[in-house]
Amino acid sequence: MNEHANPATRTRLADMASKARCAHVICLGLSALDQIWRVDQRFSGESEKIRSLDYSTLGGGMAANAAVAIARLGGAAAFWGRGGDDAAGHEMRSALSAEGIDVANFKLFPEGRSSVSGVIVDKSGERQIVNFRGSYPERADWLPLDAVAGASAVLADPRWPEGAVALFEKARALGIPTVLDGDVAEAAIFERLLPLTDHAVFSEPALAAFMGSASDASLAKLARFNCRIVAVTRGHEGVSWYENGSLQKQAAFRVRVVDTTGAGDVFHGAYAFAVGMGLAVRDAMAFAAATAALKCEHSGGRAGIPSIENCLAFMRTNQ
C-alpha cells in the first residue's frame, strides 16, 4: 500500500480543486462553544489545581467543525443543528455564518441551553475535554428535508439522533451518500444510525466503547450493518477501513503537532467533502488525512484548517 496519494490521485484532487464549490454538504449535529485553557501538563486525575498559560473561547462541536472544514476547502456547507437562544448560541451562529456556512437551519430555541465545552491542551498538543451537551427539544420535524435533494453528501454526528435519522433516511431515499462521525455515544444510537450509514468513520474510543475493542477485528464485525465503508481513525497511526470486506490502511502525515483539538472533526468534514466530489475511498482517506494533519500544526479546532490549495501543495511535498 502506498502511504500517501500517488500522482494519479493528486491529479484527480487538483481537478477537484477547480470544482470544489460544486460540492454541497449538509452537516447535522453538535455545535459547541469551546473554552480552551493551555497548560504545561494536563490534570493527573487527582484533585488538584493547575495554572493556565493562555485562555481563549472558540466555536467547536463535531458537525460544526466539519462544516467549517468543508467551507475552508472551498465547498458549500450547511449546518443543521440546535442551540439555545443565549449568548453562546448567537456567538456560535455568527461564527459559522462568517465562514460562509448556511446557518438558516441552525435553530436557537428560547427554552434551550447551548452546548459548552472546557478543553485543556498541554504543550504536546494532547487534550482533555469536558462537554455540556446542551438542552433543547429532540424533535426534528422542522428540518427542511426537501433541501437534501440538492446535497452531494450529508454528514451527521451522534449528538442529535432524531435529526440524524431524518437526514439519513431522506438521503438514502435519494441515493445521496451518508457519512457518520462515529464519536463516543450510547450503543442504541449506533444501532439506529449505522443501518442508514454509507460511510461510518469511528474514533478509537468510540469503537472501543461500542464494540469492546478498537482492533481491526472489531471493526470488521460492523459488517453486519451493511455500511459501504467502516473505518476507525487512529491519530498518529493513521486510519484503517474495510471496503468490500478487505482491510485497507492510510498512514498519517508527519507534522509538528501543536494541538489535536478538532482533528477528527476536520478529518470527517474533509472526507465528506471528498466523497461528495466523487473521489474513490482511498483518495478521500488520503485527502482527509492530509487536511487533518495540517490542522494539527495550529492551536484551536478551526484556526489551522487549510484551503484546498494548501492541502494539495502539502500532499505534493509529502508523498
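This is a predicted model: local features need pLDDT of at least 70, side-chain atom pairs count only at pLDDT 80 or more; totals for chains, interfaces and linings use all residues.

1. Helix H9 (residues 281-295) packs against helix H10 (residues 308-317) at an angle of about 105 degrees, and their axes are 10 Å apart. Angles of 65 to 115 degrees count as roughly perpendicular, and H9 and H10 are therefore described as roughly perpendicular to each other.

2. Which residues make this contact between H9 and H10? On the side of H9 they are Ala286, Phe287, Ala290, Thr291, Ala293 and Leu294, while H10 contributes Ile308, Asn310, Cys311, Phe314 and Met315. By residue class, the contact of H9 with H10 divides into nine nonpolar and two polar residues, with no charged residue among them.

3. Turning to aromatic rings, a search of the whole structure finds 11 aromatic pairs. In one of them, the ring centres of phenylalanine 202 and phenylalanine 210 are 6.3 Å apart and the planes are at 5 degrees, so this pair is stacked. Phenylalanine 202 and phenylalanine 210 are both buried, and ring pairs join Phe202 and Phe210 with Phe190 and Phe225 in a cluster.

4. Another stacked aromatic pair is that of phenylalanine 267 and tyrosine 271, with 6.4 Å from centre to centre and 10 degrees between the planes. Both residues belong to helix H8 (residues 263-276), where they are four residues apart, about one turn of the helix.

5. The next points concern charged side chains, for which the count comes to 14 salt bridges. One of these joins the side chains of arginine 72 and glutamate 99, with an N to O distance of 2.7 Å. Arginine 72 lies in helix H2 (residues 62-72), whereas glutamate 99 is in the loop between helix H3 (87-98) and strand S5 (106-109), so the pair ties together parts that are 27 residues apart in sequence. Arginine 72 counts as partly exposed at 26% relative accessibility, and glutamate 99 also counts as partly exposed, at 27%.

6. A salt bridge with an N to O distance of 2.9 Å is formed by the side chains of arginine 234 and aspartate 216. Since arginine 234 is in the loop between strand S11 (229-233) and strand S12 (239-243) and aspartate 216 is in helix H7 (residues 216-220), this pair ties together parts that are 18 residues apart in sequence. Both arginine 234 and aspartate 216 are buried. Asp216 and Arg234 also belong to a network of salt bridges that links them with Glu204 and Lys249.

7. Glutamate 243 lies in strand S12 and arginine 228 in the loop between H7 and S11, so the pair ties together parts that are 15 residues apart in sequence. Both residues are partly exposed, glutamate 243 at 22% relative accessibility and arginine 228 with a relative accessible area of 47%.

Notes
Residues are numbered from 1 along each chain as its sequence is written. Side-chain values use heavy atoms; hydrogens and water are left out. Rings of Phe, Tyr and Trp (its six-membered ring) pair if their centres lie within 6.5 Å; planes under 30 degrees apart count as stacked, over 60 as edge-to-face and the rest as tilted. Buried means under 20% relative accessible area, exposed over 50%, partly exposed in between (1.4 Å probe, protein chains only). Helices (H or I, at least four residues) and strands (E, at least two) are DSSP runs, numbered from the N terminus. A salt bridge is a side-chain nitrogen of Lys or Arg within 4 Å of a carboxyl oxygen of Asp or Glu. Axes are lines fitted to C-alpha atoms, for helices over the stretch in contact, and angles run from 0 to 180 degrees between N-to-C directions. Angles under 35 degrees count as roughly parallel, over 145 as roughly antiparallel, 65 to 115 as roughly perpendicular and the rest as oblique. Contact means heavy atoms within 4.5 Å. Ala, Val, Leu, Ile, Met, Phe, Trp, Tyr, Cys and Pro count as nonpolar, Asp, Glu, Lys and Arg as charged, and the others, Gly among them, as polar.
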